Amino acid sequence: MTSQTLLAKTGGAAAEAAFDGPLGPDAPELEPLLAEIARDAEERRKPGQEGHPWRALALIRRARLGALRLPRESGGGGASLRELFGVVIRLAEADPDVAHILRAHYLLTDEFLRAPAGAVRDERLRRVAAGEIFGNAYTELSSKPVGNYAFETRLSPDGDGFRLNGTKYFSTGTLYADWVYVTASLEDGSPAGAIVPTGRAGLRIVDDWDGIGQKYTGSGTTHFDDVRVEADEVVRRDTANQFNALAQLYLHGVIAGILRNVVSDAAALLHGRARTFSHAAAARPAEDPQLLQVVGELSSTAFAAEAIVLAAADALDRAFASGVGGEVDPQLGHESSLRAAQAKVSVDALALRAASLLFEVGGSSAARQSAQLDRHWRNVRTLASHNPTLYKARAIGDYEVNGRELPRNAYF
């Protein structure tokens with residue numbers, strides 16, 4: 001999806017906003033940008049106006065928020081991973097769909113930054129600096145176990161390049177992207193990847209995501225029918241030996257942002273209620289100590305989730321700093337995956353409870369469909385379901401008791 005197409009879909013409205021990037025994590029323009037994205041999300045939640053966040057993505061391109069991690073001298077925002085997560089949390093507070101859409105983009109940006117120097121790396125970083133967005137096409141529906149790297153999608157030799165054939169599911173963000181990273185198997189069965197433009201002939205993106213939450217992330221199906229892939233678009237690396245902590249922790253950065261919104265919705269509920277029960281502890285809901293206690297618990301939960309995510313992001317920063325030639329120090333890589341896994345186990349439980357506890361401050365009126373407060377639970381539940389908590393907890397326990405290292409795959 002090009003910037004021109006996005007602007008056409010928004011009626012050119014993004015061109016009126018003064019969000020020229022690149023924005024850094026402390027840029028003064030960041031606050032009005034997030035406020036505009038939040039306003040857009042609120043408008044799109046209105047009955048009859050539900051739809052995709054085209055305007056928000058146009059603004060993000062204009063602000064070049066996707067270049068947040070690039071060094072300033074390379075045209076980026078110069079953010080550390082901790083600072084990136086700080087922005088992601090606030091972006092998710094504004095619109096969790098939009099924050100989730102950028103997950104693969106930020107993951108790939110870090111892979112580009114870690115890659116050996118060269119013309120291909122420089123070109124990819126140049127596109128990130130220009131505001132272009134990268135999506136993903138990783139997941140397949142098959143009988144093979146999740147985390148197995150024998151992909152049914154194939155890269156077959158074709159002259160001096162390749163042909164790509166296969167179908168991918170849960171392609172979050174690719175509907176909005178300029179480029180897509182595709183995992184596939186070579187002729188010998190070894191894993192590889194390819195980065196191709198989303199407008200290339202034979203590539204078809206279907207907006208068929210029907211999840212209970214994160215409804216407009218574009219997490220649908222992507223088809224590759226004899227797609228031409230140039231030799232320099234192929235990425236050859238041993239994915240089976242790579243930890244993937246950034247991708248996993250990112251989901252919980254989004255959840256932490258949702259919890260911020262849960263707190264603000266709880267406060268708004270109390271201020272918006274004119275009556276209470278005859279047996280309540282106060283005449284006004286906003287003065288009811290029991291309801292205030294609930295909001296205090298929600299606020300504390302949001303703080304805890306954010307603190308956990310940022311602490312795990314510090315471990316990611318240490319691992320990233322150790323990278324040489326695309327590889328990170330194994331011990332630091334394992335530590336970052338352990339912290340991301342621990343964050344998941346704790347934040348999932350906190351967030352799901354908080355999204356339900358929100359209804360305690362609203363009475364039966366909070367359950368009205370028009371209030372849309374159920375979106376928080378649905379969004380958290382959808383994000384938490386990406387990687388079952390029980391398997392993470394079991395792997396952590398096995399490490400603590402038996403010293404057995406976490407699995408080296410995309411889910412850790």
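How far apart do the end C-alpha atoms of residues 149–227 lie, and what percentages of the span are helix and strand? The end C-alpha atoms lie 21 Å apart, and the span is 0% helix and 48% strand, where helices (H or I, at least four residues) and strands (E, at least two) are DSSP runs numbered from the N terminus.

The model shown in these views is predicted, so that local features need pLDDT of at least 70 and side-chain atom pairs count only at pLDDT 80 or more, whereas totals for chains, interfaces and linings use all residues. Residues are numbered from 1 along each chain as its sequence is written, and side-chain values use heavy atoms, with hydrogens and water left out.

**View 1. The UniProt feature at residues 149–227.** An unreviewed UniProt entry places "domain: Acyl-CoA oxidase/dehydrogenase middle" at these residues; UniProt positions follow the numbering used here, feature names are shortened, and annotations may be inferred rather than shown by experiment.

**View 2. The interface of domain 1 and domain 3.** The chain is divided into domain 1 (27–131), domain 2 (135–234) and domain 3 (243–400), with bounds from an automatic or database domain assignment. The C-alpha centres of domain 1 and domain 3 lie 21 Å apart, and 23 residues of domain 1 are in contact (heavy atoms within 4.5 Å) with 31 residues of domain 3. About 2,600 Å² is buried between domain 1 and domain 3, 67% of it given by carbon and sulfur atoms; buried area is the accessible area (1.4 Å probe) that two parts lose on being put together, summed over both. Of the area that domain 1 buries against domain 3, Phe85, Ile89 and Arg103 supply 28%, more than any other three residues.

View 3. Asp314 forms a salt bridge with Arg82, with 2.9 Å between the closest N and O atoms. On the side of domain 1 that touches domain 3, helix 4 (81–94), helix 5 (96–101) and helix 6 (103–114) each supply at least two residues, and the largest share, 9 residues, comes from helix 4.

**View 4. The salt bridge of Glu31 and Arg90.** The structure holds 30 salt bridges, and in the one between the side chains of Glu31 and Arg90 the N to O distance is 1.9 Å. Because Glu31 lies in helix 2 and Arg90 in helix 4, the pair ties together parts that are 59 residues apart in sequence.

**View 5. Backbone geometry at Pro22 and Phe170.** Most residues other than glycine have a negative phi, and most peptide bonds are trans. A cis peptide bond, with omega of about 5°, joins Gly21 and Pro22, and Pro22 is found in the loop between helix 1 (3–9) and helix 2 (30–44). Phe170, in the loop between strand 3 (161–168) and strand 4 (179–185), has a positive phi near 55°.

Note on methods
A salt bridge is a side-chain nitrogen of Lys or Arg within 4 Å of a carboxyl oxygen of Asp or Glu.
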